[in-house]
Amino acid sequence: MSRARYPLGDYVPGASWLHRAPLGAKFLGVVLLGLGTFWLRSWVASVAVLALMVLLFATARLGARRLLHLLAGPAPLLAAVLVFQWWQLGPAPAVSIVANVYACIVAASLLTLTAPVPALLDGVVSAARPLRRLGVDPERLALVIAITLRSIPYIIGTFSSVRDAARARGLERNPRARAMPVLISSVAYAQRTGDALAARGLGDHGPDAEREGR
Amino acid sequence: MNTLELRDVVVRIPAEDERPARTILEVPRLSLGERRIGVLGANGSGKSTLLRLLNGLQEPSSGTVTVNGRDTRREGRAVRADVGFVFTDPLSQLVMPTGREDLELSLRRTVHRRDRRAHAEEILDRFGLLHLADQSVYELSGGERQLMALASVLAVEPRVLVLDEPSTLLDLRNRELLRRTLAGLPQQIVLATHDLELVLDLERVLVVEDARVVFDGGAADAVAHYRRLCLAERA
């Protein structure tokens, strides 16, 4: 199943410097890079940042094949973005936008591939604890982030399955035949995930649950 | 033993546009106290709705469902802590990338974080799944996935286990593995299935047809009743 193998949310056990780096530092790095891309105006700078992310990926020994797969997943969508932005804004901004998106994807993967999900959840819960005064439930926030991470590969995989199904019926040029099944499948996935969490009593944390186990 | 009670329960889908309201389950009175209970019924008969009522995933449109005296509508969280639910497709159940991570997710509410990993490993070992702990859930076989989903649910130590067609996606070998695993569990079990062999192990079996419980009795008689219903439909 193609959706299974999109590697964004799958932790890769290892002992590289990035695996050993503190979770908070890695998280901060991803946030700063994500925000920093808004300020990148030159396509050369965007490509350089992407190259740096690829270099970090290599030094974390996460594998060239995994990197290629990571880049190939959103390629159809980003190709469309590239063409559209080229037409609207010209080649330099188009290359810059796509390189920035790719840099963010690789940066996010450096976090998720080198930190197991339970550690990420615990990290988010700790970081969000001060927000409790504002009514934010840290456990629920962590769960939302974990489920979002889990959903991205699923939805990318659904795009690819639906594209194949449309192709098999000769409907590859019909945008409706490609978009609607992805939408329906994503909503159904969200409902199933919600049911699965509710069935295990996750997500409905009350004050006593906050005290328990942490 | 636990007691699951349904009183004057009706589950309705409200009218929408030109589609009239529809009753998908109607149970005047039902009390489930046996250790091993089965639910047989055709697709769309209402058996999954009956199961989903038992841990509050589905609320009745009217009437009450209680588990050991707790109302599933008012005390849903407490009920869900007592009643574990296993879905037909384990991929719907396993929300984390690997089995270990999924088990640790189950344990978040009850086990301190420094003990979670060891606790998860202990459960995986009990189910013979420890060697698959870090494998992507998508790379597991159907049987391994279903056992992993079962382990994730049992990690929170529910008193009742509800399973919605747990063997539907399994081959014969994995069905047998699941059957043996279920037989060895101490929990009260309520399961819906099309697998007539699985049903024959159970103490009490309900047959659901057209949104009603039309038979309630021993396994052999229930299977015979269900066969008659299906054959009568064909004729």
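**Figure 1. Helix H6 of chain A, a helix without buried residues.** Of the 15 residues of H6(A), the number buried is zero, so this helix lies largely in the open. The view, like those that follow, is drawn from a predicted model. Helix H6 covers residues 75-89 of chain A, and at 1.5 Å a residue it should span 21 Å, a value with which the 20 Å between its end C-alpha atoms agrees. The helix is followed by Gly90(A), whose phi is positive, near 105°.

**Figure 2. Helix H9 of chain A and its buried residues.** Helix H9 runs through residues 138-168 of chain A, and its 31 residues, at 1.5 Å each, should span 45 Å; the end C-alpha atoms are 45 Å apart, which agrees with that expectation. Buried positions are found in this helix, among them Pro138(A), Leu143(A), Ile147(A), Arg150(A), Tyr154(A), Phe159(A) and Val162(A). The buried set of H9(A) also includes Glu139(A), Pro153(A) and Thr158(A). Just after H9(A), Gly170(A) adopts a positive phi of about 70°.

**Figure 3. The packing of helix H3 against helix H7 in chain A.** Helix H3 (residues 23-36) and helix H7 (residues 91-112) of chain A pack with their axes 9 Å apart and at an angle of about 170°. Because angles over 145 degrees count as roughly antiparallel, H3(A) is described as roughly antiparallel to H7(A). From H3(A), the residues Lys26(A), Phe27(A), Gly29(A), Val30(A), Leu33(A) and Gly34(A) take part in the contact, and they meet Ala103(A), Cys104(A), Ala107(A), Ala108(A), Leu110(A) and Leu111(A) of H7(A). By class, the residues of this contact between H3(A) and H7(A) comprise nine nonpolar, two polar and one charged.

**Figure 4. Chain A as a setting for the helices shown above.** The secondary structure of chain A consists of 11 helices and zero strands, and its C-alpha trace spans about 55 × 40 × 35 Å along the principal axes. The domain assignment divides chain A into domain 1 (1-115) and domain 2 (116-214), and the C-alpha centres of these two domains of chain A lie 20 Å apart. Of the 214 residues of chain A, 27% count as buried. When contacts in chain A between residues at least 6 apart in sequence are considered, 77% of them join residues at least 24 apart.

**Figure 5. The contact between chain A and chain B.** The contact takes 28 residues from chain A and 29 residues from chain B. On the side of chain B that touches chain A, helix H2 (76-82), helix H3 (90-93), helix H4 (99-107) and helix H5 (113-126) of chain B each supply at least two residues, and the largest share, four residues, comes from H4(B). Sorted by class, this side of chain B has 12 nonpolar, seven polar and 10 charged residues.

**Figure 6. Ala81(B) and its surroundings.** Ala81(B) lies in helix H2 of chain B, and with 20 C-beta neighbours inside 10 Å it counts as buried. Leaving aside residues up to four places away in sequence, Ala81(B) touches Gly201(A) and Val156(B). Although Ala81(B) and Pro158(B) are 77 residues apart in sequence, their C-alpha atoms are 6.2 Å apart in space. Glu75(B), in the loop between S5 and H2 of chain B, is partly exposed, with 16 other C-beta atoms within 10 Å. The C-alpha atoms of Glu75(B) and Gly56(B), which are 19 residues apart along the chain, are separated by 8.9 Å.

**Figure 7. Two loop residues of chain B with positive phi.** Most residues other than glycine have a negative phi. Asn68(B) has a phi near 50°, a positive value in a residue other than glycine, and Asn68(B) lies in the loop between strand S4 (62-67) and strand S5 (70-71) of chain B. Ala211(B), likewise not a glycine, has a positive phi of about 70°, and Ala211(B) is found in the loop between strand S9 (204-209) and strand S10 (212-217) of chain B.

How values were computed: Residues numbered from 1 in each chain as written. Chains lettered and ligands numbered in written order. Predicted model: local features only at pLDDT ≥ 70, side-chain atom pairs only at ≥ 80, totals over all residues. Axes fitted to C-alpha atoms, helices over the stretch in contact; angles between N-to-C directions. Parallel < 35°, antiparallel > 145°, perpendicular 65-115°, else oblique. Contact = placed C-beta atoms within 7 Å. Nonpolar A, V, L, I, M, F, W, Y, C, P; charged D, E, K, R; others polar. Domains from an automatic or database assignment. Expected span 1.5 Å × (residues − 1). Buried ≥ 20, exposed ≤ 12 C-beta atoms within 10 Å, placed from the backbone.
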